[in-house]
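Colleague: I would like to learn how to read ring pairs and helix packing in a model. Please start with the terms.

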Amino acid sequence: MVIKYPNGKSYSHDAEKIKKKQIKKKDLSFSKRGMTLEEELNESNAYYLAFGKAVIHKKPTPVQIVQVDYPKRSAAVIKEAYFRQASTTDYNGVYRGFYLDFEAKETKNKLSFPLKNFHQHQITHMQHCLKQSGLAFVILRFSASNRIFLLEAAHLIQYWENQTKEGRKSIPLKDLEKIGYELYYGLSPRIPYLDIVDQLIAQVRK
């Protein structure tokens, strides 16, 4: 199936599957077991929901179907579709009375996280969330070292806006070690990021 972005550029679902398989083959660490960051977060959110801790889901991407084949009367195959609009962030939900909104990204870089992984509409969306007193942040993983950080949106926005002033196009790992919160793998949940969110909530309530 081929999905096209609003600008007409094609997105190959099959190519994406191949890419994910290649990433899984390269990743042999015990902690990840071949899972992507998205899969690990989905698993963690399912745990939080099952035990009544939080209601957090991955946002569905709106798609407009334009071509469908019916090889059988009881089956339909989507041949062509378009993303209706640019997505905002990956996840949102409610925890302890607070609205959570966050994006999850990975990089193969070892010493910095590229800002090109984000888009202006995502930055603008997080700014809007912060204005409404929501908790907005990003979860970043360095796949080479398998290190994960939670970075508050306010810091990300500052780096984003400083691109034109300072010319830096990435967030150094050493900066994340200072201003971010490193996350460590657990069993249940797999990525216990709400432990850090508890700290953010405590800061808000001071």
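Modeller: Buried means under 20% relative accessible area, exposed over 50%, and partly exposed in between, with a 1.4 Å probe and protein chains only. This is a predicted model, where local features need pLDDT of at least 70, side-chain atom pairs count only at pLDDT 80 or more, and totals for chains, interfaces and linings use all residues. Residues are numbered from 1 along each chain as its sequence is written, and side-chain values use heavy atoms, leaving out hydrogens and water.

Colleague: Are Phe113 and Phe142 buried or exposed?

Modeller: Both Phe113 and Phe142 are buried.

Colleague: How is an aromatic pair defined?

Modeller: Rings of Phe, Tyr and Trp (its six-membered ring) pair if their centres lie within 6.5 Å; planes under 30 degrees apart are stacked, over 60 edge-to-face, the rest tilted. By this rule there are 10 aromatic pairs. Phe102 and Tyr193 have ring centres 5.2 Å apart and planes at 55°, so this pair is tilted. Phe102 is buried at 0% relative accessibility, and Tyr193 is buried with a relative accessible area of 0%. Phe113 and Phe142 pair edge-to-face, 5.8 Å centre to centre with 90° between the planes.

Colleague: Which residues form one aromatic cluster?

Modeller: Tyr47, Tyr48, Phe51, Tyr91, Phe102, Phe137 and Tyr193.

Colleague: What describes two packed helices?

Modeller: The angle between their axes and the distance between the axes. Helices are DSSP runs (H or I, at least four residues), numbered from the N terminus; axes are lines fitted to C-alpha atoms over the stretch in contact, with angles from 0 to 180 degrees between N-to-C directions. Here α3 (residues 120-131) and α4 (residues 153-161) have axes that come within 10 Å and cross at roughly 135°.

Notes: Helix = DSSP H or I, 4+ residues; strand = E, 2+ residues; numbered from the N terminus.
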